[in-house]
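Welcome, and please open your viewer. We will go from stop to stop, selecting a few residues each time.

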Amino acid sequence: MIPAAFDYTAPSTVDDAVRALADAGEEAKVIAGGQSLIPVLRMRLAAPSTLIDIGRIPELRGIRDEGDALVIGATTTHYEIQRDPLVRSHALLLKAATDTVADPQVRHRGTFGGAIAHADPAGDLLAPVLALDAELVLHGLEGRRTVAAADFFVDYFTTALRQDELLVAVRVPKHTGWGAHYEKFNRVAQAWSIVAVAAAVRIADGVIAEARVGLTNMSAVPVRATAVEAALVGQPATPEAIKAAAAHAADGTSPTADGNADTAYREHLARVLTSRAITAATGV
Amino acid sequence: MTATVEPEVGKARLRKEDARLITGRTRWTDNLTVPGLLHLAFLRSPVAHARITAIDVEAARRKPGVIAVFTGRDLAEAQGSLPCAWPVTADQKAPPAPSLAVDQVNFAGEAVAVVVARGKAQAHDALEAIDVDYEDLPVVLDLAAAVADGADLVHPDLGTNKSAHWVFDSAEAGTGSDVEQAIAEAEVLVERTYRQQRLIPAFMEPRSVLVDPTGEQTTVWSATQIPHILRLMLALTTGTPEHKLRVIAPDVGGGFGGKLQVTPEEVVALVVATRLGKPVKWTESRSESLLSAHHGRDQLQKLTLAARRDGTVTGLKVELLADMGAYLRLVTPGVPILGAFMFNAIYKFPAYRFECTNVFTTKTPTDAYRGAGRPEATCAIERLMDELAAELGRDPIELREQNWIKHDEFPFTTVCGLEYDTGNYEAATAKAKEMFGYDQLRAEQRERRERGDTVQLGIGTSTFTEMCGLAPSRVLGSLSYGAGGWEHAAVRMLPSGKVEVVTGSSAHGQGHETAWSQIVADQLGVPFEDIEVLHGDTQSSPRGLDTYGSRSLTVGAMAVLKAGEKVIRKARRIAAHMMECAEDDLEFTAGKFTVKGTERATAITDVALAVFAAHDLPDGVEPSLDSEATFDPDNFSFPHGTHLCAVDVDTETGFVKIRKYVCVDDVGVVVNPIIVEGQVHGGLAQGLAQALYEEAVHDESGTLTTGTLADYLIPSAVDLPHFDTDRTETPATSNQLGVKGVGEAGTIASTPAVVNAVVDAVRHFGVNDIQMPCTPMRVWTAINGGPTDAGGLGTEAGGGLGSIDTSGGAA
Ligand SMILES: Cc1cc2nc3c(=O)[nH]c(=O)nc-3n(C[C@H](O)[C@H](O)[C@H](O)COP(=O)(O)OP(=O)(O)OC[C@H]3O[C@@H](n4cnc5c(N)ncnc54)[C@H](O)[C@@H]3O)c2cc1C
């Protein structure tokens, strides 16, 4: 289908973009890679009056090393994240998850910030962002603020972003030397996750010293499998210990039911996939 | 010496049409434009069953760029009723089928109004300004419920949801014995109910139609498989004189039966263009296509197979409910009936009964989809043969062999009365088993089962045949089909020695231009490159019955050969005159007429030039070599093959991964092995997709919940295994070239091979069926003792693109 008519503007600075967003009011939408927004527009599920294209703002793009964290610009594409050596060294989990997103065409256009701002519960980058304790840097008329990932995802497709705010960057604390794996379960390769598990572990002396586990599509927002994390810490990285911890994967989740999976099956998948994800992350 | 010329038939030529089709730099209907073109957009019903109590189009009429808005009422008379060419029984019930709904909608997606605007975007914008009041009627979704007493009715005026009841009984037909007796006397009975889920053809190029009424003839360009049938049907439906219509199918990007249709949009485009006197175009979006273009399959099959303990099959009873959807489209009622002759497949059933009830529901109409009736039949019988083998503790291939027609028993008249001309099931099966490593895989399966591996190996077999090359006209007549099954062709010799082949077949990706050129190059002895194949335009190829049912090579190319023979016959007379000899003294090889026993020769291209000049022709000979012919086949052709599939089933998640797929097909003589390979691969992909991925799902209100490609899961190359394909070659005797047909073989054969493999992998958990598509949840649920059809209707969206409509999106 054809989107309803809209005005279009492509500012070159964040300040201009924020001002344009405020000026255009309620009906304005930011467009980044367009890989989620354009289908919505084409199906006329949304008809914004103005699209503010943030794809031409240089300061929003790229990956910086800021000591204890990586700062990833919002319009950095999935493809760039997959290829970036800093991400590989310090946030391997993010690369692992990004590798499973869609297909090369989509990964060349779709952006990291767009995926997070879109907040699709089946989106693959939310759980890693949550698991890695990332912080979201937001910029609005009143300036900049930083929100923890745990506070950013509010509900199904809903975030802490205010109407006049842009997501400008994501601060990902370095997880240098951590093992990581993203275990995605879907029916065909280009599809979204039915359930997926993001796991990162730090092993010291054969024992799991720290563990981070995030779940995709197990609730309206990405969730941390805190019971699993707690059960893992201090355990030897053995299949038995991992399996025992993974049995808690669905605790406290509230997955939806759809044609691909009912609630019970999603909960079962969460346990199986968590075990697999941690096993792969620990390399046992 | 000419004798050393390598024959074109059999050569693995790259296709002539590939460059333009693959790059898309060609004339698709949507690429075309004409001066003053207006655009159409259709408003579609969001509800499955309702009375339209009011439509207000005034606001839409006032929208920018809008030229006109029409409702079903406005066009009621002009649009007529969409044609159904196949009344399967004399008392078949059918409702009127308006292109734009008049007063009542009967499926979600049915068109209720059309906007005509200067721009496509303007037309779409105006749709939102149309206000329709719907008064809901009860939806009719479930086949079994639809035929129960007191069921809610789709079309109350018909008094029933049953459109027709069609029966074939071998005892009544005198082609076999009584199935009830066979069942009564059976030592073993296998009784099953299978569901052939609803599928969506999902061709790559969306449907598109452009109508230009400004010339003396009105020209209709359409992304259709059937330009010839469309011309006639548009004339009959709208009352436009047939000779005032020209239909062109430019390059068409796939159809799979989905464009074997006379669509509401084609009729409306013609009616609106005629009424306004202006050219109009419509091209659908993908979601419009998934929702409103006809669907395929959708049957509930109750099956009873009778056998002796020694494994000999003694009878087969088939009771079908076939979902027509809300209306009968072009061949809707005939699709399940085509399957009637295929349930017995390659086996020697002495007794057979087939009963089919065609049922109306409040869903998108069904119609032909690759295989049309035959995949459903093949899937059922091949599943049953595996179940019988399991019941008897026999190897499924060995059990099949016990029951199939042996190669020395051909020609063989089946329990349905069809005569299978040739076949060699032993040869194809032996080759397939060898390539597959059947015995080794069985050994591995035993080992892994004993070990309790969490990933279980399953092996599935499908030894299929199909009837293709639709069709002998007399057979179609006996099945009450509204047309014949012949095909037409013409061969034109141009003065410069080039050749134009005109064919009534209408390629939409098959590669006819290449294949026909190869055939004619051999026949006339002219270079492959010197042949141009013209098709898909009722002006340049005035007669034809188009392309479907694997008919083009077996029927269409035969007409080409017949026309070529006439060219040679005419040229021989003139060549004899030119060389001053008797016609009988000439032999024609490699493009030359040679006087027997001499070196004296004249090329057919020289004859063509002489004919063009016409200075010196024999008395009474017309100055033309051009010839045409119409070919009507005597029989179907019966390709067959053995497909073997190995799957790894992850018992912890239910995920199925195809590990190995081997198929040995016998499609008779092969004109171009690359084209055959391509047809097999594409066919396999679609057959596998039915087994594992695709299903059109409606929720309890009748809304299609798989309305985007994010929910209607079409596998891509990554999801598909490597295919090990090979062939045996048993020439058909029913045509001159010995060819069979290959367009539908892969689709027909592969579905049961995969499902058999999945069930085989988990049979030891007590599973004897899993409904298609075998989704991970279904497989996992079945392993864990649950139902075989887990999943299906989603109540809530689970995220991802497909769910954005329920969430309000990112808005
Ligand atoms: C065929 C296909 C398959 C896909 N498969 C997957 C998959 O498997 N896994 C997966 O995770 N994703 C998948 N996606 C989605 C893909 O990852 C998108 O790129 C991503 O969801 C959105 O990024 P975008 O840059 O395209 O955002 P856009 O579509 O431009 O925007 C999405 C939303 O976010 C808002 N937005 C964007 N950027 C900002 C910003 N900086 N600040 C504030 N708001 C902003 C927009 O206003 C809009 O509401 C798929 C997409 C397609 C088309």
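Start with A:Ala119, in the loop between helix H7 (112-118) and helix H8 (126-131) of chain A; helices here are DSSP runs of H or I with at least four residues, strands are E runs of at least two, and both are numbered from the N terminus. This is a predicted model, in which local features need pLDDT of at least 70, side-chain atom pairs count only at pLDDT 80 or more, and totals for chains, interfaces and linings use all residues. Residues are numbered from 1 along each chain as its sequence is written, chains are lettered from A and ligands numbered from 1 in the order written, and side-chain values use heavy atoms, leaving out hydrogens and water.

A:Ala119 is not a glycine, yet its phi is positive, about 55°. With 3% relative accessibility, A:Ala119 counts as buried (buried is under 20% relative accessible area, exposed over 50%, partly exposed in between, with a 1.4 Å probe and protein chains only).

Next, move to chain B and pick B:Phe256, in the loop between strand E11 (245-248) and helix H9 (264-276). Its phi is also positive, near 55°. B:Phe256 is partly exposed, at 29% relative accessible area.

Now for two cis peptide bonds. One joins B:Phe410 and B:Pro411, with omega about -10°; B:Pro411 sits in the loop between helix H13 (396-403) and strand E16 (412-413) of chain B. Another joins B:Leu470 and B:Ala471, with omega about -5°.

Finally, select helix H17 of chain B, residues 512-524. Twelve of its 13 residues are buried, among them B:Trp516 and B:Leu524. Just after H17(B), look for B:Gly525, with a positive phi of about 65°.

Key: Expected span 1.5 Å × (residues − 1).
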